[in-house]
Amino acid sequence: SLIFQYFGDKLKLYAEVLKRADRQGTEMQGQAFAPFLEDESIATDADKFRALLKTALQMLFDYLVENPRIIRILNWEQAEGWHTWTKIASQMNTEDIAQFRALCAKAQSAGLLRADFDPLLLITMAEQMYMTYLSSGPLYQSVFQGENASSPETLARVQEIIVEFIVHGMIIDPRLAT
């Protein structure tokens, strides 16, 4: 009865849980990205932009490791075809997404990023890879017997592999452009 008293119904409670997670992520990103975003050359300097992307992807992984309930919620939502998510998507704060897209557009204009796709797609794919790995621990334990799929060392290596994979898919390597 308290759910109905404070939130009205389960959907509004669910929306508040997701909005809270979104706010936490936005605040975390704001703090970490402030030094990058103050630098006007970020969208034209390949090394600086690569560092920004790596930082963003590492933070996302760390956030998911620290918040396994969010992974369960999103996995449930995915299994249900994102039905509930689509009902509440308009309530989510998308300022950070707009800021990221604008920065990526500048980097694409500067020739740092591939222009044939939306970089947000690869960030979303990284999130899905993270969630799959982090929610599949028991599966990995049975397949790779004797290895600890959730040890700090293994998590750091998985994070590194996915970050490198995604960043490599986004950044144009001038050495390969001949």
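**Exercise 1. Is D118 buried, partly exposed or exposed, and what is its relative accessible area?** Then describe its salt bridge with R101.

*Solution.* The model is a predicted one: local features need pLDDT of at least 70, side-chain atom pairs count only at pLDDT 80 or more, and totals for chains, interfaces and linings use all residues. Residues are numbered from 1 along each chain as its sequence is written, and side-chain values use heavy atoms, with hydrogens and water left out.

Step 1. Apply the classes: buried is under 20% relative accessible area, exposed is over 50%, and partly exposed is in between (1.4 Å probe, protein chains only). D118 has a relative accessible area of 29%, so D118 is partly exposed.

Step 2. Apply the salt-bridge rule: a side-chain nitrogen of Lys or Arg within 4 Å of a carboxyl oxygen of Asp or Glu. D118 and R101 form such a bridge, at 2.4 Å from N to O.

Step 3. D118 lies in the loop between helix 6 (95-109) and helix 7 (119-135), while R101 is in helix 6; the pair is 17 residues apart and links distant parts of the chain. R101 has a relative accessible area of 41% and is therefore partly exposed.

**Exercise 2. Describe the salt bridges of D47 with R50 and of R114 with D116, and state how many salt bridges the rule gives.**

*Solution.* 

Step 1. In the pair D47 and R50, the closest N and O atoms are 3.4 Å apart. Both residues lie in helix 3, three residues apart, or about one turn of the helix.

Step 2. D47 is exposed because its relative accessible area is 59%. R50, at 25%, is partly exposed.

Step 3. The side chains of R114 and D116 meet at 2.9 Å, N to O. R114 counts as partly exposed at 36% relative accessibility, and D116 as exposed at 57%.

Step 4. The count of salt bridges comes to seven.

**Exercise 3. Determine how helix 2 and helix 3 are arranged and which residues make their contact.**

*Solution.* 

Step 1. Define the elements: helices (H or I, at least four residues) and strands (E, at least two) are DSSP runs, numbered from the N terminus. Helix 2 covers residues 10-37 and helix 3 covers residues 46-66.

Step 2. Read the geometry. The two axes come within 11 Å and cross at roughly 150° (lines fitted to C-alpha atoms over the stretch in contact, with angles from 0 to 180 degrees between N-to-C directions). The helices are therefore roughly antiparallel, a class that takes angles over 145 degrees.

Step 3. List the contact (heavy atoms within 4.5 Å). Helix 2 contributes A21, Q24, M28, Q29, A32, F33 and F36, and helix 3 contributes K48, A51, L52, T55, A56, M59 and Y63.

Step 4. Sort these residues: 10 are nonpolar, three polar and one charged. Here Ala, Val, Leu, Ile, Met, Phe, Trp, Tyr, Cys and Pro count as nonpolar, Asp, Glu, Lys and Arg as charged, and the others, Gly among them, as polar.

**Exercise 4. Describe the backbone and setting of W82, then the overall protein.**

*Solution.* 

Step 1. W82 is not a glycine, yet its phi is positive, about 60°. W82 sits in the loop between helix 4 (68-79) and helix 5 (83-88), and at 26% relative accessible area W82 is partly exposed.

Step 2. The protein has nine helices and zero strands. Its C-alpha trace spans about 65 × 45 × 30 Å along the principal axes.

Step 3. Of the 178 residues, 33% are buried. Among contacts between residues at least 6 apart in sequence, 68% join residues at least 24 apart.

Note on methods. Angles under 35 degrees count as roughly parallel, over 145 as roughly antiparallel, 65 to 115 as roughly perpendicular and the rest as oblique.
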